[in-house]
Amino acid sequence: MTATISAPAMVELNYRKVIARALADELATDPMVVFLGEDVGAAGGAFKSTEGLKERFGDRVRDTPISEQAIVGTAVGAALMGLRPVAEIMFADFAGVCFDQLVNTLAKYRYTSGGQARVPVTVRMANGAGAGFGPQHSQPAENWFLNIPGLKIVVPATVADMYGLLRSAIRDDDPVLVFEHKNLFAIKGRVPAEPDDAFLVPIGVADVVRGGDDVTIVATQQMRHRALEAADQLASQGVTAEVIDPRTLVPFDLDTVVTSLRKTSRLVVVQEGPPDGGWGATLIASISSRYFELLDAPPTLVASDPTPVPYATPMEDAWLPDAARITAAVSQLIRY
Amino acid sequence: MTAVQNAIVTQDRLLDMQRRMHEIRLFEETVMGWFSRALVRGSTHLYQGQEAVAVGVTSALRHGDTTTCTYRGHGTVLAQGAPLDRSFAEILGKANGLCGGKGGSMHLTDFSVGALGSFAIVGAHLPISVGAGWAAQLLGTGAVSATFFGDGAANIGTFHEALNLAGVWKLPVLFVIENNLYGEYSPITATTANPNLVERAASYGMPGVRIDGNDVVAVFEAAAAAVDRARAGDGPTLLEAMTYRHSGHSRSDPAKYRPAGELEEWLARDPLVVAERRLRDMGVGQDELDQLRADATARVSDAAERAMSWPDPKPEDRLDDVWVNR
C-alpha cells in the first residue's frame, strides 16, 4: 500500500490581492495581530490591496488620520504591550514624514532599552517607479534604511514571495519593513487556497530564480523580472545567466551569491534607484573585498540615474534599468 | 474605587509622595555632582523643581499602567518605582544599569514598573503612549498610559498627531505637559503663539486642566480624575502642570537668560516645601519630616555607592540587543 500525500489546492492571485490574503491569514492565525493605516479599512486601501479586512476583523483593522508619525509610533507602543501591529505607509516616499519614528524609535527601541523591548512591528509601504506617479510617489526607498541597524528589510518580487514574506514579517519578533512594488501589482502567481505555513518564505534567504554558468545577475522586485528578460536574450546569444533574487536586503544572504560566483566568476547587480549608498554598491563592496579571487571581471552595478524619478513616460522609462542595459553589462563582462 | 475615594490624599499617601520627591531631588543632586567631576558622559537634563509632576501623576496610576517621558526623565522613571541603584548605574554607563549602559541618562527605561522609556527626541514618545492606550482599549485591560513632555514639545508635529489620534479613538491616555516655561533656552512666549497650552485640548475633543505643578496634591487629584475618566472609556485628558526647572536646560547651560528674581520666586514654591507645609498642616511633626529626608539621603547615597562599585560593560556587549532573532 502506498501513502498518498495530496498537494494542497492552489489559487491564482495577483500581487495586489495576495497582500490582503497574507494579512487575513495572519490576522486569522494570531489574535494579537492588528493593522492600521490611512484608508486601509473602509476604503480597502489606496491600492485596493487590503479589501475585506475591516469587514472580517473589525476593530483590529483601523483607519487612521493622515498622520504617519502617529501611525508608526502607535504601532510601536501597541507592540510594547504585546500586540503584533502591521502599519501601512501608503507610499514608501512618505517614510520621509515619519523617518524619526522609523529610525530613532522603531529601529533602536530594543537596543536603547538594553534588550527590554520587543518590537514586532511590520511596516508595509508601496514602493518604486514605473507607474508615472512623479518624484514624490515613485522612489524605491529601501536603500534609505540600509544603514540603520535594527530594521529588517524585505523586497518581494512575486506573488508567492509576497505571501510568504509578509506572513514571515508579521511573525518576526523584530521590526520588518516590507516594500511592495507598485509596478508589480498586476503580476499573477499561485498561493495555497487555505492558510498553509508550508508557504511561509523565510526572511534572509535568497532565491536562485534561474540557473546559469556564465554570469550571476542579482536583482530585486521589478528588476528581477527585467533580469529574467535579459537572461532570455542572453541565452539566445549562448550566454547562460544565473539570476538571484535576494528577497531580503537585511539580513542579506551573501552565501547564495558567493556560491553562484564560484561557478560563474562574473557579477552584475541590478538596482532600481540611484547608484550610490545602496544595497547594490554594498554587495559589490562585500564581494570585491572578501571574494576578489572568485572574480574574472570587475563586478558591475546597473542602476538608475542619480536624479529624482521623473514623471513623463520617456524619461521615467529611461531612468529605470531595462533588459537591454542588463544584457549590455553582461556582454561587456563576458568580453572582459 | 470611585473617583472621589481614589483622589483622597491621606497623610500616609502624602508622606510616601514626599519620600519619593526627596529621593528624586537627591538623585539629581548626586548626578549633578558626578557631572561636575566628569564621571558621566555626554549631557544630562535634570529634574529638580519638577518632582511633584512625576510623583503626583504616577501616584494616580496602578500596576499595569505605563508611562513615557522625556530626556529630562530621571524623575518620572524613579517616581514609577525604578530602582535607585540601577538608575544611577545606567547614567554611569555600568553593565548593570537599567539598559545595560546602552542608553544612558536620556534613555532610562524599566519595563518591570511600566516605565516604557525616556526619549531623547522631543515629542517622539507621545505616539508610543497612544499605542499603549490603543492596546489597552483593544485588549480590554483597563490600563492607562501617561506621557510626560515639556512645553517645547507642544510645538512639534507629534504633539498634534498623537493628541488628535487619541482624541478621535477615545484612548485611555493622559497627556501631561510639564510647562517649565522654557523650551531649551527659549522662553515660551518667544516660541509659542498662544502660550496658554491647555486651550489646545479643545482642538482634540478632550478636556484640558491647568494645575499647579509644584503642588503634588493638586497634581495627584487632577491626574486621578483623568485616570478615572480614561478607565471609564471616556478618552484622553490634557493636563498642563505649571512648574519650573531649577537648573538650566542641560549641564552646559547656566540659564543666564532667566530674568532676575524668577528662580527665587519659584524656589519659594519648591514642591518639597509645598508638600512639607501640607504635611505640617496635617499634624506631622518636624522630627518626622527631618527623619524622612535623612532616610531618603541614606538610601540615595547607598544606591549611588553601590552603582559606582559595579563593573563596566564589556566592549563586546555593544553587539547585543540589536535584534531578537537574526
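Trainee: Which residues have the most contacts inside the largest nonpolar core?

Mentor: Start with the general idea: in soluble globular proteins, nonpolar side chains tend to be buried together. A nonpolar core here is a set of buried Ala, Val, Leu, Ile, Met, Phe, Trp, Tyr and Cys residues joined through C-beta atoms within 7 Å. A residue is buried if 20 or more other C-beta atoms lie within 10 Å of its own, exposed if 12 or fewer, and partly exposed in between, with C-beta atoms placed from the backbone. In this structure the largest core has 185 residues, and those with the most contacts inside it are I217(A), V268(A), L174(B), A223(B) and L239(B). Helix α9 (residues 216-231) of chain B gives the most to this core, with nine residues. Apart from it lies another core, of five residues, including Y71(B) and F119(B).

Trainee: What should I know about the model before going on?

Mentor: This is a predicted model, where local features need pLDDT of at least 70, side-chain atom pairs count only at pLDDT 80 or more, and totals for chains, interfaces and linings use all residues. Residues are numbered from 1 along each chain as its sequence is written, while chains are lettered from A and ligands numbered from 1 in the order in which they are written. The pLDDT is the predictor's confidence in each residue, from 0 to 100. Chain B averages 95, and 98% of the residues score at least 70. For the complex, the predictor gives an ipTM of 0.96 and a pTM of 0.96.

Trainee: Which residues is V268(A) in contact with, leaving aside its neighbours within four places in sequence?

Mentor: Two residues are in contact if their C-beta atoms, placed from the backbone, lie within 7 Å. For V268(A), the partners are V215(A), I217(A), T300(A), V302(A), I326(A), A329(A), V330(A) and L333(A). Across chain A, residues 24 or more positions apart account for 78% of the contacts with a separation of 6 or more.

Trainee: How many helices and strands does chain A have?

Mentor: Helices (H or I, at least four residues) and strands (E, at least two) are DSSP runs, numbered from the N terminus. Chain A has eleven helices and 14 strands. Take α6 (residues 159-171) of chain A: its 13 residues reach 19 Å from first C-alpha to last, close to the 18 Å expected at 1.5 Å a residue. That expected span is 1.5 Å times one less than the number of residues.

Trainee: Is α6(A) mostly covered or mostly exposed?

Mentor: Mostly covered: twelve of its 13 residues are buried. Among them are D161(A), Y163(A) and R167(A).

Trainee: Where do the two chains meet, and which helix of chain A gives the most to the side that touches chain B?

Mentor: The contact takes 35 residues from chain A and 36 residues from chain B. On the side of chain A, α3(A) gives the most, with nine residues.

Trainee: Which backbone features are worth a look?

Mentor: Most residues other than glycine have a negative phi, and most peptide bonds are trans. Here a cis peptide bond joins V250(A) and P251(A), with omega about -5°. P251(A) lies in the loop between β12 (248-250) and α8 (254-264) of chain A. K48(A), not a glycine, has a positive phi of about 55°. K48(A) counts as partly exposed because it has 13 C-beta neighbours inside 10 Å. D321(B), also not a glycine, has a positive phi of about 75°. With 20 C-beta neighbours inside 10 Å, D321(B) counts as buried.
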